[in-house]
Amino acid sequence: MNTQALRFFKHGEIVTLHNVPPTRTLLEVLREDLHCTGTKEGCNEGDCGACTVVIGEERNGQLHTRAVNSCIRMAHSIDGMALWTVEDISAADGTQHPAQEAMVQCHGSQCGFCTPGFVMSLFGLYQDCRGQAVSRDTALEALSGNLCRCTGYRPILDAAQAMTALPPARLDTAEVLSKLKLLAQATQGLQANSSYISPRNLKALLAARAQYPQAQIVAGCTDVGLWVTKMHMQFAQVLDVTQVRELRRIEQYPRHIAIGAAVSLTDAYAALVADRPQLQTFAQRFAGLPVRNSGTLGGNVANGSPIGDSMPLLIALGANVVLMSERGHRELPLEDLYTGYRQNVMAPDEVLAWIKVPKAVPAERSRVYKISKRFEDDISAVCLALNLHIVDSVVQKASIGVGGVAATPVRARQTEAALTGQPWNQDTVRRIQQVLRNEFSPISDMRASAAYRSTVLGNLLQRYWLESQGLQTVEVHHLDTLQLEGAAS
Ligand SMILES: Cc1cc2nc3c(=O)[nH]c(=O)nc-3n(C[C@H](O)[C@H](O)[C@H](O)COP(=O)(O)OP(=O)(O)OC[C@H]3O[C@@H](n4cnc5c(N)ncnc54)[C@H](O)[C@@H]3O)c2cc1C
Ligand code: FES
Ligand code: FES
């Protein structure tokens, strides 16, 4: 099988690498092939942020940068992009970048192992905020994928806020864009029988899928990357969907939003939150920022983990998925995609192309609750999404998605049927809590016991009821300070 050359722009130069295997990670290439050992390996599974780097692409004529984890990203996925590691951000005369200088001034580093990762997340934030002041919340979000064992987070958050007040560092975006243009011209396109296939358009993707049905599809690799680094799986051939221009689009229609399968979780959730602002907290609780910057909505849905976060929400919102192949396309409700634990109805020549999400309507009251051990960067033990249409205190329509209680993400059909047509009051809620708890038989595992999952499921319905009565529950970082605000009227 052919291995295409890998080219990217780093430190003022175009780097060209040959014979990079399809499952070699970007971190391996950096540390072992390029000897850029500033980027650290901590967990090797996307959890700690020690390996954070920033990648850049051209989007609508502008340079778009984002922080990602290099440990679970396949190296070939950055072909044609710009890359910054901690070695690349100080000025030519050695002046530290404000992200570095602020860490020094605020005493943001002790043993220093995590520091390159924090600095690169800060560099990503610096690019995004374009000289504007950084709020504490923005700093928290930007650093949500970085762990530090010894310094404590307060000085690091201080550094995030202090860096924009330091003498500015300007990135020569015109130069980067011109190099990206050069790289785009040099792209070899689809080569026959290549070990890493990265089609640029849908037609080429569907042709490649039909020709190489055994190739491992990857998107952001935030699931597949761990199969490589933790389960030591190797794939002879990889089919990367992330450069397919049609699948990177978000399209707005009068009644729905169509999100391309290769749209990053960051962008997909921004579109969902724009339509339903109440989803903001939930969106921020999906992994940490670098994972959301790499991972895609299509990858979350296609992976079909029973504890994946997007699916309960999308089921409750009535989303459909569009599967495509050279034979044509078909559309089905999201919950019908799954046939068993991480099994789905996709044929070997099909890909997931679109997720179509109905827009909010005035009658709906949609909420989603994630229960996990940690507030940030943790997978759900239970996830419950409710979308009820309550008119004149009667439930006209109920749409409920649940995660963490079965082998797949599921629709709570019995509970929906039991709720529909019922008066919306505490008695109904008490009765329906039992229906919801009895509808599923969750398992016990390291995240939670079966009994806990069932109990909490019913409790979340009570929370939804209380919120519908004007009580505001506040999601805070420590459960011991969880408060209920306001009073029932
Ligand atoms: C530290 C960390 C934290 C995480 N936290 C969360 C969390 O809070 N909530 C959560 O739900 N998940 C979480 N995840 C899991 C993961 O980030 C998500 O499932 C993510 O959406 C996967 O998307 P991806 O693009 O990276 O998919 P990939 O890993 O590239 O692919 C996943 C699967 O989908 C298939 N696939 C991808 N795209 C397509 C397509 N277009 N057509 C057909 N098949 C396709 C692949 O073949 C593969 O089987 C976390 C992961 C990490 C590493
Ligand atoms: S090494 Fe921990 S996130 Fe990559
Ligand atoms: S400074 Fe030691 S882990 Fe952060």
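Trainee: Where does Ala287 lie?

Mentor: Ala287 sits in the loop between α10 (280-284) and α11 (289-294). Keep in mind that this is a predicted model.

Trainee: What is phi of Ala287 near?

Mentor: Phi is near 50° there, a positive value in a residue other than glycine.

Trainee: Does Ala287 count as buried or exposed?

Mentor: Ala287 counts as buried, because its relative accessibility is 12% and the cut-off for buried is under 20%.

Trainee: Now Asn19. Which loop is that one in?

Mentor: Asn19 is placed in the loop between β2 (13-17) and α1 (26-33). Asn19 is not a glycine either, yet its phi is positive, about 55°.

Trainee: And is Asn19 buried or exposed?

Mentor: Exposed: the relative accessible area of Asn19 is 63%, and exposed means over 50%.

Trainee: What joins β9 to β10?

Mentor: A hairpin does, through 3 residues. One bridge pairs Glu251 with Ala258 in β10.

Trainee: Which residue in β15 is the bridge partner of His256?

Mentor: His256 has Pro358 in β15 as its bridge partner. Strand β15 spans residues 351-358 and pairs with β10 over 5 bridges, in the antiparallel sense.

Trainee: Stepping back, how many helices and strands are in the chain?

Mentor: The chain has 16 helices and 21 strands.

Trainee: What radius of gyration does the chain have?

Mentor: The chain has 23 Å, and a compact globule of 489 residues would have a value near 23 Å, so the two agree. Along the principal axes, the C-alpha atoms fill a box of roughly 70 × 55 × 40 Å.

Trainee: What share of the residues count as buried?

Mentor: Of the 489 residues, 55% are buried. The chain exposes about 21100 Å², with 51% of that supplied by carbon and sulfur atoms.

Trainee: What about contacts between residues 24 or more positions apart?

Mentor: Among contacts with a separation of 6 or more, such pairs account for 65%.

Trainee: Last one: how many positive and negative side chains are there?

Mentor: There are 45 positive and 46 negative side chains, and the centres of the two sets lie 3 Å apart.

Definitions and conventions: Residues numbered from 1 in each chain as written. Chains lettered and ligands numbered in written order. Predicted model: local features only at pLDDT ≥ 70, side-chain atom pairs only at ≥ 80, totals over all residues. Heavy atoms only, no water. Helix = DSSP H or I, 4+ residues; strand = E, 2+ residues; numbered from the N terminus. Rg over C-alpha atoms; globule rule 2.2 N^0.38 Å. Buried < 20%, exposed > 50% of the residue type's maximum accessible area, 1.4 Å probe, protein only. Contact = heavy atoms within 4.5 Å. Areas by Shrake-Rupley, 256 points an atom, 1.4 Å probe, with all protein chains shown as cover. Lys, Arg positive; Asp, Glu negative; His and termini not counted. Charge placed at Lys NZ, Arg CZ, Asp CG, Glu CD. Pairing = 2+ DSSP bridges.
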